[in-house]
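Hi,

Here is the structure we talked about handing over. Please load it and read the notes below alongside it.

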Amino acid sequence: MTDGAATQVAHVLVAADKFKGSLTAVQVAERVTAGLRKVVPGLSVEALPVADGGDGTVAAAVAAGFERREVRVAGPVGTPVTAAFALRGTTAVVEMAEASGLQLLPAGTFAALTATTYGSGELLRAALDAGATTIVFGVGGSATTDGGAGMLAALGARFLDAAGEPVGPGGAALAELASADLSDLDPRFAEVEFILASDVDNPLTGPKGAPAVYGPQKGASPEDVETLDAALAHFARVLEKAIGPKAGELAASPGAGGAGGIGYGALLLGASFRPGIELMLEVLGFAPALERATLVITGEGSLDEQTLHGKAPAGVAAAARAAGKEVVAVCGRLALPPETLGAAGIRRAYPLSALEPDPAKSIPNAGPLLEEVASHIARDFLA
């Protein structure tokens, strides 16, 4: 025993995000629990998988007791996909990556110029049809950079070229936009609480905008980034003509650049913007779970500089520190020094790479490795 007294630790809360590419957040919690109980049989462990609004958000909501609902929608390149949202009472959690995510593209292919958010609009409409009066819209992990134009089109907006024909799918096609008509947008958005949950505060365009910062992750070349940035700027100007200066103000607002600009579309629909992890912790019921805990275990695939900027482990650690709870983290890869972890509220991090430094071996064996790491936590803090 090196870091805690067993008499002080009776109930462990596992509130970790996914290990991208290897384990879902639910699987992370299962493996950590198994590893802890190998050392302390019968240990009281509560699992609350978390997400920051990006891919995995619906799964986290379902694990917290929401009902999973499935619907067929258009995928990012138009091919139908089965997408899910989560519903509990009149609150829906909708994840744009379910309909328009990068993971829905064939392996190794990208569609930076042409991918559409149309299916995300269909998913939002399905949530409304299911009776939702509060919609948490998690954005992240997108294949798209269309400013939410596809989503808005699915919800009744019309975007026409000079010949009066609908513009094509994707961000690049917005360069041909001549007129926009939002008068037939689904009127139910005026009556619901619509919340944009995002871990990024980028504007729509410019050096910190969606194309420049996130386009390369979606396969956009430098030339593609220029094309998309110009097309989205043109999109905002046309919308200014259609609905007034608010369209330009929203394009510059924090969160407008989330998920290839779908944040902009959400703001146009009247969404309020909130940091994704902060909002998701509320929706998932983190506060009462935290109150019950005497040790909190959080984590994600890579603990690095990005973690500190709105990712799930940082949000969990901040809330736990405010409540006076001790926090340790698990991860596949650790790229933060101990003093940075400490400043974030994390007492110690346990990376899988300490057991298996070769990612080619650690990723496919992440489950057993995580159990072993969790057993180390149990020996250090519980035994």
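Predicted model: local features only at pLDDT ≥ 70, side-chain atom pairs only at ≥ 80, totals over all residues.

**Phe137 and the cores**

Set aside the neighbours within four places in sequence, and Phe137 is in contact with Val94, Met96, Ser120, Leu124, Met151, Phe194, Ile195, Leu196, Ala197, Ile262 and Ala266.

The largest nonpolar core has 53 residues. Within that core, the residues with the most contacts are Phe137, Phe159, Phe194, Phe235 and Tyr264.

Ala266 is on the Phe137 contact list. Ala266 sits in helix H9, residues 258–268. Is Ala266 buried or exposed? Its relative accessible area is 0%, so Ala266 is buried. Beyond four places in sequence, Ala266 is in contact with Phe137, Met151, Phe194, Leu196 and Ala271. For a distance check, take Ala266 and Ala212: 54 residues apart in sequence, 20 Å apart in space, C-alpha to C-alpha.

Helix H9 also contains Ala259. Ala259 is not a glycine, yet its phi is positive, at about 50 degrees. Ala259 counts as buried because its relative accessibility is 10%, and the cut-off is under 20%.

**Aromatic pairs**

How many aromatic pairs does a search of the whole structure find? The count is 4. Phe159 and Phe235 form an edge-to-face pair. Their ring centres are 5.5 Å apart, with 75 degrees between the planes. This pair links distant parts of the chain, 76 residues apart. Phe159 belongs to strand S7 (residues 158–160), and Phe235 to helix H7 (residues 222–243). Both residues, Phe159 and Phe235, are buried.

There is also a ring cluster. Phe137, Phe189 and Phe194 are linked into it by ring pairs.

**The largest pocket**

The volume of the largest pocket is about 1200 Å³.

Which of the elements gives the most to the lining? It is S11, with 3 residues. In total, 45 residues line the pocket. Those nearest its centre are Lys20, Asp55, Glu300, Gln306 and Lys311. By class, the lining splits into 12 nonpolar, 18 polar and 15 charged residues.

**Helix H12**

H12 runs over residues 312–322. Its buried residues are Ala312, Pro313, Ala314, Gly315, Val316, Ala317 and Ala320. What do they pack against? Their partners are helix H10 (276–284), helix H11 (286–292), S11 and S12. After H12 comes Gly324, with a positive phi near 75 degrees.

Tyr350 lies in strand S13. Its relative accessible area is 8%, so Tyr350 is buried. Leaving out residues up to four places away in sequence, Tyr350 touches Val328, Ala329, Val330, Cys331, Val373, His376, Ile377, Asp380 and Phe381. Tyr350 and Gly257 are 93 residues apart along the chain, and their C-alpha atoms are separated by 33 Å.

Arg347 is in the loop between helix H13 (338–343) and strand S13 (348–351). Arg347 counts as partly exposed because its relative accessibility is 43%. Val328, on the Tyr350 list, is 5.3 Å from Arg347, C-alpha to C-alpha. Along the sequence, Arg347 and Val328 are 19 residues apart.

**One more loop**

Gly131 is in the loop between helix H4 (118–129) and strand S6 (134–138). With 33% relative accessibility, Gly131 counts as partly exposed. Gly131 and Ile243 are 112 residues apart in sequence and 28 Å apart in space, again C-alpha to C-alpha.

Best wishes

Technical notes. Residues numbered from 1 in each chain as written. Heavy atoms only, no water. 1 Å grid on protein atoms, 1.4 Å probe; cavity = no way out; pocket = protein on both sides within 12 Å on 5 of 7 lines; lining within 4 Å. Points joined across faces, edges and corners; volume = space filled by probe spheres on them. Helix = DSSP H or I, 4+ residues; strand = E, 2+ residues; numbered from the N terminus. Nonpolar A, V, L, I, M, F, W, Y, C, P; charged D, E, K, R; others polar. Core = buried A, V, L, I, M, F, W, Y, C linked by side-chain atoms within 4.5 Å. Buried < 20%, exposed > 50% of the residue type's maximum accessible area, 1.4 Å probe, protein only. Contact = heavy atoms within 4.5 Å. Phe/Tyr/Trp six-rings, centres within 6.5 Å; stacked < 30°, edge-to-face > 60°.
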